[in-house]
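Good morning, and thank you for coming. Please look at the sequence and the structure on the screen while I take you through a few of the details.

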Amino acid sequence: MSDPAGDARALDVDGLDRLIAALSERGFAPHGPIVRDGSIVWGPLRGVADLPAGWTLEQDAGRCQLVRRGDGALFGWAVGPDSPKRLFLPPSLQLFTARRDDEGGFALDPPAPAPGPIALIGARPCEIAAIAVQDRVLLGSEHTDAHYRARRDEAFIVAAHCGEPGGTCFCVSADTGPSARSGFDLALTELHGDGEHTFVIEVATERGAAVLEAVPHRAATGDEIARAAAVVTGAASRMGRELETDGLRELLYGCREHPRWDEIAARCLGCANCTMVCPTCFCTSVSDLTDITGATAWRERSWDSCFTMDFSYIHGGSVRPSVGARYRHWITHKLASWHDQFDESGCVGCGRCITWCPVAIDITAEVVGLRSDGSPPPRTRTAGFRV
Amino acid sequence: MPASSRRTRRPKLAVFKLASCDGCQLSLLDCEDELLAVADAIEIAHFPEASRRSVRGPYDLTLVEGSVTTPHDAERIREIRGVSRRLVTIGACATSGGIQALRNFADADALVAAVYPRPDFLRTLATSTPIADHVRVDYELRGCPVDKRELLDVIIAFLHDRRPAIASSSVCIECKRRGTVCVMVAHGTPCLGPVTHAGCGALCPTYDRGCYGCFGPADSVNAAALGDAFRAAGTPSGEVARAFRTFNAAAAPFAAEGDRHGEA
């Protein structure tokens with residue numbers, strides 16, 4: 001039902017504020033980008049006034065600075081360290097509680113109910129692509145994640161097509177942006193400057209249309225529609241990074257013994273930041289905890305990472321004891337074996353792993369390095385988990 | 001199991017200290033809401049900071065704070081091990097030598113002469129060393145001081161015969177779970193979080209400070225890569241050395257990095 005050319009609407013800033021209010025009235029908890037701790041993160045949104053008006057994030061490998069733009073744009077920046085992953089796959093979650101009864105058995109308390117449905121205001125195309133990737137992982141088989149589903153199912157998504165890519169963005173290479181094609185209810189493109197501040201709105205779902213009906217709006221003009229298209233075309237031409245994806249899966253499968261891994265290991269901290277900020281990384285671990293008396297036990301699930309030693313610990317030790325082996329595992333899964341598991345890449349080109357790496361390791365540069373360091377030496381068979 | 005029969009078989013807890021500031025054992029007394037439940041589940045048999053009453057060993061669970069800095073300490077820790085079924089070391093002093101291990105990088109005799117008017121009264125070792133260098137240790141709990149929730153979990157895990165649910169990964173994971181923005185990437189603040197063992201809940205970065213490394217090295221760290229990053233960002237060599245030379249100065253990865261950037 002999406003037909004941006006014929007059906008686009010327009011909202012002003014007040015209209016966007018009313019849209020947020022309308023979603024709130026319908027029982028959604030609006031969440032969007034807010035300025036906090038010297039950056040832009042996802043947080044609860046009361047209205048347009050909470051959005052990062054006039055701010056942008058200057059990003060490069062290992063660096064992200066919050067700076068003034070010199071105008072009042074609300075979406076004049078790309079992505080911060082957070083992604084909607086935090087909302088749908090919470091960093092820590094109590095899965096259940098068990099209580100010992102008097103007869104020597106125990107009773108299970110159900111988990112606390114998931115909060116009411118969330119409305120994402122201003123989700124970026126790469127973030128929406130990442131949600132689709134996590135949907136496939138967590139909901140795409142017969143073994144679905146009930147906790148994720150409870151948060152994800154009813155979520156309302158207002159996309160914000162990108163006009164201002166960051167220095168580490170490469171959504172064009174990942175084919176996920178700078179405009180979103182699906183996975184949203186409404187999508188906006190921000191037009192600002194010369195006294196104008198308009199959001200061209202694309203309606204993608206019936207409930208999106210219904211919410212918009214509750215808000216004063218008008219049809220977008222042909223000129224506005226053309227300029228909205230130019231915004232994303234311009235963004236596409238200003239990507240901060242590029243990733244050559246042709247033959248990537250085969251490249252990585254052929255690189256098991258590449259000297260580049262040792263070279264990366266010399267730089268990599270093994271700190272796991274890349275996996276924490278990655279909007280598609282979905283790994284968690286569970287811990288069983290007890291109170292002092294042993295009458296109550298509970299299971300907690302928290303974000304975890306293939307970069308920790310604990311994560312791959314099995315009888316006898318960790319499967320990937322060296323930092324180089326862990327980086328190789330991560331990038332190979334993300335860019336190669338994800339295709340075999342889920343029929344797509346695990347990378348959406350958001351650039352977070354580049355920006356938020358404290359030592360500026362750049363996934364796009366590592367791929368270039370793996371391609372250009374000459375042919376990998378012949379593969380040698382190794383026993384067990386040698387790395 | 002009825003409470004009365006459990007009480008008759010309460011395991012015995014002992015708390016000992018060597019060279020340390022007492023802050024870690026105080027963490028146990030800081031467990032105000034849980035302290036009565038702890039005392040109900042385990043007999044506090046020897047804990048001089050809490051009670052004058054002392055019950056003789058052997059003890060089922062012994063917590064040891066502090067490092068070995070004197071010949072007397074070295075002797076005493078063997079005696080403590082001898083009366084302890086499970087021995088858990090708590091805090092940076094006990095697990096890495098503590099801040100007093102700075103002497104390991106200096107001339108201990110010269111320090112003694114500079115500090116004490118009558119050094120001949122003193123019997124001290126040239127180094128401050130962790131307990132595990134002297135006796136077998138069943139579990140090491142990190143921190144300067146230890147985190148009271150983790151300390152409780154160690155005791156609870158002992159009581160219920162499970163592993164403590166304590167991760168040995170980096171502080172970065174705690175920051176990201178909390179939603180704390182990276183102080184290094186966003187503000188250019190040098191931070192030891194990427195190489196430091198989790199456990200504090202990312203206390204300092206959450207209050208806009210770089211991590212000081214109170215919990216020592218994480219499980220598999222590349223301290224050299226972080227030291228290089230500090231240098232590349234303009235931190236002088238001596239300051240990089242000092243960043244690694246604090247509460248866990250003698251922990252191997254931090255000691256090596258301190259050496260690499262130390263003034264000759």
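Let us begin with helix α2 of chain A, residues 13–25, which has 13 residues and reaches 18 Å from its first C-alpha to its last. That is close to the 18 Å expected at 1.5 Å a residue, the expected span being 1.5 Å times one less than the number of residues. Helices (H or I, at least four residues) and strands (E, at least two) are DSSP runs, numbered from the N terminus.

Two remarks on the source: this is a predicted model, in which local features need pLDDT of at least 70 and side-chain atom pairs count only at pLDDT 80 or more, while totals for chains, interfaces and linings use all residues. Residues are numbered from 1 along each chain as its sequence is written, chains are lettered from A and ligands numbered from 1 in the order in which they are written, and side-chain values use heavy atoms, with hydrogens and water left out.

Which residues of α2(A) are buried? They are A:Gly15, A:Leu16, A:Leu19, A:Ile20, A:Ala22 and A:Leu23. Buried means under 20% relative accessible area, exposed over 50%, and partly exposed in between, with a 1.4 Å probe and protein chains only. Seen down the axis of α2(A), these buried residues fall within an arc of 160 degrees, so they line one face of the helix; the arc is that of the directions from the helix axis to the C-beta atoms. Just after α2(A), A:Gly27 takes a positive phi of about 95 degrees.

I turn now to the interface. In chain A, 46 residues are in contact with 37 residues of chain B, where contact means heavy atoms within 4.5 Å. The two chains bury about 2,900 Å² between them, 59% of it on carbon and sulfur atoms; buried area is the accessible area (1.4 Å probe) that two parts lose on being put together, summed over both. On the side of chain A that touches chain B, the elements giving two or more residues include β3 (39–44), β13 (284–290) and β14 (296–303) of chain A. Of these, β13(A) gives the most, with four residues. In the loop between β13 and β14 of chain A lies A:Ile292, which counts as buried because its relative accessibility is 10%. Among the residues that A:Ile292 touches are B:Glu34, B:Leu152 and B:His160.

Next, the backbone. Most residues other than glycine have a negative phi, and most peptide bonds are trans. A cis peptide bond, however, joins A:Gly177 and A:Pro178, with omega about 5 degrees. Another cis peptide bond joins B:Cys144 and B:Pro145, with omega about 0 degrees. A:Asp37 has a positive phi, near 55 degrees, and is found in the loop between β2 (29–36) and β3 of chain A. Is A:Asp37 buried, partly exposed or exposed? At 37% relative accessibility, A:Asp37 counts as partly exposed. B:Asp161 also has a positive phi, near 60 degrees, but at 74% relative accessibility B:Asp161 counts as exposed.

Finally, consider the loop between β5 and α7 of chain B, where both B:Pro145 and B:Asp147 are placed. At 11% relative accessibility, B:Asp147 counts as buried. Leaving aside its neighbours within four places in sequence, B:Asp147 is in contact with B:Gly199, B:Cys200 and B:Phe215.
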